[in-house]
Amino acid sequence: SELQQVAESLAPDVDIFYTPTDNNVASAMPTFRQVAERYKKPVFPGATTMVESGGTGTVGLRYEDLGRQAGEMAVRILEGSPLSDNPPEKVEKSTKILNRQQAEALGLKVPEDLKNEIEFVESEALKEENNGALTTQLAGALQLGLLYGILGLGLYISFRILNIPDM
């Protein structure tokens with residue numbers, strides 16, 4: 001993959017890898033993790049889910065917390081609160097998260113006074129590798145099939161039933 005080629009070419013010349021929150025990078029985290037491990041480089045992604053997929057650690061938001069905060073805003077609005085009383089909000093909570101397996105593999109030591117502030121996780125990527133790639137591929141295929149099914153249903157409803165050509 002392109003990400004693997006880029007990571008391989010950069011690895012000898014960098015001290016760490018930083019990855020922004022990006023779907024392409026997130027889906028390739030197992031590959032990125034393998035390159036980083038080979039060169040003994042930590043990977044600091046922008047999203048906590050990417051740490052669970054093989055990154056080393058981050059201080060970032062959990063999408064569950066963001067969804068809960070957005071849901072609370074939606075409830076206020078649905079209960080009649082005017083939009084003008086609901087300005088855009090910043091994420092209220094950030095999480096310090098560290099992948100224990102990656103930290104140990106890189107020889108990173110966490111100071112005692114920080115251990116209570118950090119949520120330690122295990123790499124989902126390593127679990128998936130142990131469970132087999134077929135399961136992961138099957139789940140991905142089912143998700144994609146469901147997505148295309150919903151898209152097709154929407155097109156059918158708008159074009160055939162509502163008689164509104166949208167393309």
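**View 1. Gly-80 follows α5.** Gly-80 comes after helix α5 and has a positive phi, near 110°. Helices (H or I, at least four residues) and strands (E, at least two) are DSSP runs, numbered from the N terminus. The model is predicted: local features need pLDDT of at least 70, side-chain atom pairs count only at pLDDT 80 or more, and totals for chains, interfaces and linings use all residues. Residues are numbered from 1 along each chain as its sequence is written, and side-chain values use heavy atoms, with hydrogens and water left out.

**View 2. Helix α5 spans residues 63-78.** Its 16 residues reach 22 Å from first C-alpha to last. That is close to the expected 22 Å, taken as 1.5 Å times one less than the number of residues.

**View 3. Asp-65, Gln-69 and Met-73 are the buried residues shown in α5.** Buried means under 20% relative accessible area, exposed over 50%, partly exposed in between (1.4 Å probe, protein chains only). The three cover an arc of only 80° around the axis, so they sit on the same side of α5. The arc is that of the directions from the helix axis to the C-beta atoms. The buried residues of α5 pack against β4 (95-99), with contact meaning heavy atoms within 4.5 Å. Exposed Arg-68 and Leu-78 lie on the face turned away from the buried side.

**View 4. One aromatic pair is found in the whole structure.** The ring centres of Phe-17 and Phe-32 are 4.9 Å apart and their planes meet at 65°, so the pair is edge-to-face. Rings of Phe, Tyr and Trp (its six-membered ring) pair if their centres lie within 6.5 Å; planes under 30 degrees apart count as stacked, over 60 as edge-to-face and the rest as tilted. Both Phe-17 and Phe-32 are buried.
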